[in-house]
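The sequence and the structure come first.

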Amino acid sequence: MWVRNAWYVAGWSHELEPGKVAARLVIEQPLALYRKTDGEVVVLEDRCCHRFAPLSMGRVEQDDLRCMYHGLKFAPDGRCVEIPGQKLIPQSAFVRRYPAVERGGWIWVWMGEEALAQPASIPDSVRLDDPAYRMRSSQMDYAAHYLLIDDNLLDLSHLSFAHEKTLGLDMPQWADERPRILPLERGLRVQRWLRGQPARSFMKRWGEALDLWNSYDFLFPGIFLLRTAFYPAGTAERCKLAAPAEAPLFLRYDDQAVTPMSHRTSRYFYAAGARSADIDPDRLDRLFATVEAAFNEDKAIIEAQQKLIDLDPARRMLPTSLDAGPTQFRRLVQTLLERDGEPGPAAAARAG
Ligand code: FES
Ligand SMILES: [Fe+2]
């Protein structure tokens, strides 16, 4: 019940040290990640074909990976190239290789058919190694199905309540006004103006209240590329609530990715920041502290929600006009599941 033909974020570049092997679980597939001598990331199935020991407990030998149970050695393409004490290597001695791309600090892995992997279809996030930007990044694990986290990111009305003391402080408009939602090929574009919002800290120099243009693309499986642009109060009216063409006072970048590990575990990757010219390291620290406090609020409520769903999985939820984004996205997930030949309308609908 997983969409396989998709790029998933497997981790951050800095997590993968040369000579080390990292274990990851993505859509219930165990993966072993390591770097070749030239730095290129290799992703192999984390299950030795001999007796199923994890290759992530193995040893990197130049470009190859040796299983440290009985010593079979695998090349970066997954082929077994050595069996200790045996000359003949059977055709069936290989582990699956997954296409991987490292870009700007993010490691992406393609979980589907190898021939369909198109690096060009990887969403364009801020490159964390680009000196033009000052970004901080981190991650947290959820005991919840990934679609519950996607729901949360597709309906920012929760900022006024779940984050009433952090991101949504004194901002009832998040819940009171509906965004514009546009379909994308593998996701949704969600946009809205929030007029006359209280200016925080350093932004007070532009007035007590500012207009915010909040726009994001949300792409399967949970890639969230948010841009929040701050304008002088009155800009939204002047733009007739359309997308602004003029340069903002301040532009903030939030790039995130939700990766399903299993049906009840997900990893949430997030990066936040601004152009280096617009933010200093102290301010970025403060911004990031608020972001992390808010994400812990999300985690607490979503994990509690997951527990209640599991107590009574057949119980129907009550749809409201707040749910337009989550509902449309789940429909898209269903289409992708059907395209991948995977069964189960119940899977998407009930986060099963
Ligand atoms: S399990 Fe890997 S070599 Fe035996
Ligand atoms: Fe949130």
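## Strand pairing around S18

Strand S17 (residues 250-262) pairs with S18 in the antiparallel sense over 10 bridges, where strands are DSSP runs of E of at least two residues, helices are runs of H or I of at least four, both numbered from the N terminus, and a pair requires that DSSP finds at least two bridges between the strands. The model is a predicted one, in which local features need pLDDT of at least 70 and side-chain atom pairs count only at pLDDT 80 or more, while totals for chains, interfaces and linings use all residues. Residues are numbered from 1 along each chain as its sequence is written, and chains are lettered from A and ligands numbered from 1 in the order in which they are written.

S17 and S18 form a hairpin with 2 residues between them, and Ala257 has Phe269 in S18 as its bridge partner. S18 also pairs with strand S12 (residues 133-142), again in the antiparallel sense and over 10 bridges; here Gln139 stands opposite Phe269. Because 8 of the 11 residues of S18 (residues 265-275) are buried, this strand is largely enclosed by the rest of the structure; a residue is called buried if 20 or more other C-beta atoms, placed from the backbone, lie within 10 Å of its own, exposed if 12 or fewer do, and partly exposed in between.

## Nonpolar cores

Among the 59 residues of the largest nonpolar core, Ala10, Val43 and Val109 touch the most other members, a core being a set of buried Ala, Val, Leu, Ile, Met, Phe, Trp, Tyr and Cys residues joined through C-beta atoms within 7 Å. Helix H1 (residues 146-154) gives the most to this core, with 6 residues, and the core draws at least three residues from each of domain 1 (7-121) and domain 2 (133-339), bounds that come from an automatic or database domain assignment.

A second, separate core of 11 residues includes Leu159, Trp174, Trp213 and Ala229.

## Helix H5

The 16 residues of helix H5 (residues 324-339) should span 22 Å at 1.5 Å a residue, and the end C-alpha atoms are 23 Å apart, which agrees; the expected span is 1.5 Å times one less than the number of residues. The buried residues of H5 are Gly325, Pro326, Phe329 and Arg330. They cover an arc of only 120 degrees around the axis, which puts them on the same side of H5, the arc being that of the directions from the helix axis to the C-beta atoms.

On the other side of H5, Arg331 and Arg339 are exposed. After H5 comes Gly341, with a positive phi near 75 degrees.
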